[in-house]
Amino acid sequence: MPAASTTLRVLATSVIASLTVTGCQALDDAGQALGRADLVNDLAARMDRALEQTWAADYQLPGGKTASIAQTADPLRSAYTWPAGKITVTQEAVTTCAIAAGRTSCTVVPPVLTAGKPSVAVYTEAGKLGLVTPPAVIRLLTAAALDPEATITQSDTTLSGHHATCVDVTSSGDRFNACVTTEGVLGSFTGTLDGKPAEVALTGYTETVDPAAFHVPPGAGVVDRRSASS
């Protein structure tokens, strides 16, 4: 299984295991109790399943900028595109592109599909460049669920025509709001990641994907390091 799916599966499993040990704490949402473990497990499982399906999503970023995520099941691959760059993960390679001073440069490295670690590195790099990723949201939810002082409120909404489950979280003085659609797609996020304000909102979703979503940006300079690494 490619690294992109492995990461979420590892993260989701750790969430379930950790919360099983600490037990469930009740939440109050319109008079109904909901266990933190159940809530986090459901959102993590939705995102995990989505990484094995075919879809594409567009997002609105602050300042009128946009981003997109594309995923196909056969072949299993994913692409994350935002103003500062692009990361594409396939069974053949991991391609990371950065845009600076109007120029795009891309580096191609071999895929490493063991233990989920390569995916963690990929998503960490994307986070540094300003992209909100599902693993980042899952980590925040996990930390909040394990914090006895945290408050988590659940609600439901519709984003770009799709039903979504949302959580408003206050933990250790920080606050964020995250929504996940029924399909398992990140619907929205508002909060802080890596000490920086971050915000995304779903503007479009489709279950058909243009193959061009996985191509290197036109005119980009490409350094292929796969031969040197083999």
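**Entry 1: Arg175 and the model**

I began with Arg175, which counts as exposed at 56% relative accessibility; here buried means under 20% relative accessible area, exposed over 50%, and partly exposed in between, with a 1.4 Å probe and protein chains only. I note that this is a predicted model, in which local features need pLDDT of at least 70 and side-chain atom pairs count only at pLDDT 80 or more, while totals for chains, interfaces and linings use all residues. Residues are numbered from 1 along each chain as its sequence is written, and side-chain values use heavy atoms, with hydrogens and water left out.

**Entry 2: salt bridges**

I searched the whole structure for salt bridges and found three, taking a salt bridge as a side-chain nitrogen of Lys or Arg within 4 Å of a carboxyl oxygen of Asp or Glu. Arg175 takes part in one of them, with Asp168, at 2.9 Å from N to O. Another joins Asp224 to Arg226 at 2.7 Å, N to O; Asp224 is partly exposed with a relative accessible area of 42%, and Arg226 is also partly exposed, at 32%.

I then looked at Asp42 and Arg46, whose closest N and O atoms are 2.9 Å apart in a salt bridge. These residues are four apart in helix α2 (residues 36–50), so about one helical turn separates Asp42 from Arg46; helices (H or I, at least four residues) and strands (E, at least two) are DSSP runs, numbered from the N terminus. Asp42 is partly exposed at 31% relative accessibility, whereas Arg46, at 12%, counts as buried.

Asn41 is also found in helix α2, and at 30% relative accessibility it counts as partly exposed. I checked its distance to Thr142, 101 residues away along the chain, and the two C-alpha atoms are separated by 9.2 Å.

**Entry 3: the sheet**

How many helices and strands does the protein chain have? I count five helices and 14 strands.

Strand β10 is mostly covered, with seven of its 10 residues buried.

Next, β10 and β11 pair in the antiparallel sense over eight bridges, and Ser171 stands opposite Asp174 in β11. This hairpin also has two residues between the strands, and Ser172 takes a positive phi near 55°.

I found two aromatic pairs, counting rings of Phe, Tyr and Trp (its six-membered ring) with centres within 6.5 Å, and calling planes under 30 degrees apart stacked, over 60 edge-to-face and the rest tilted. One of them is Phe176 with Phe189, stacked because the centres lie 5.8 Å apart and the planes are at 25°. Phe176 lies in β11 and Phe189 in β12, so the pair ties together parts 13 residues apart in sequence. Both Phe176 and Phe189 are buried.

**Entry 5**

Strands β5 (residues 76–82) and β6 (residues 85–89) run antiparallel, joined by five bridges, and I noted Lys86 in β6 as the bridge partner of Thr81. Thr95 is found in strand β7 (residues 94–100), and at 13% relative accessibility it counts as buried.

**Entry 4: chain totals**

Buried residues make up 44% of the 230 residues in the protein chain. Among contacts between residues at least 6 apart in sequence, I note that 52% join residues at least 24 apart.

Notes
Pairing = 2+ DSSP bridges. Contact = heavy atoms within 4.5 Å.
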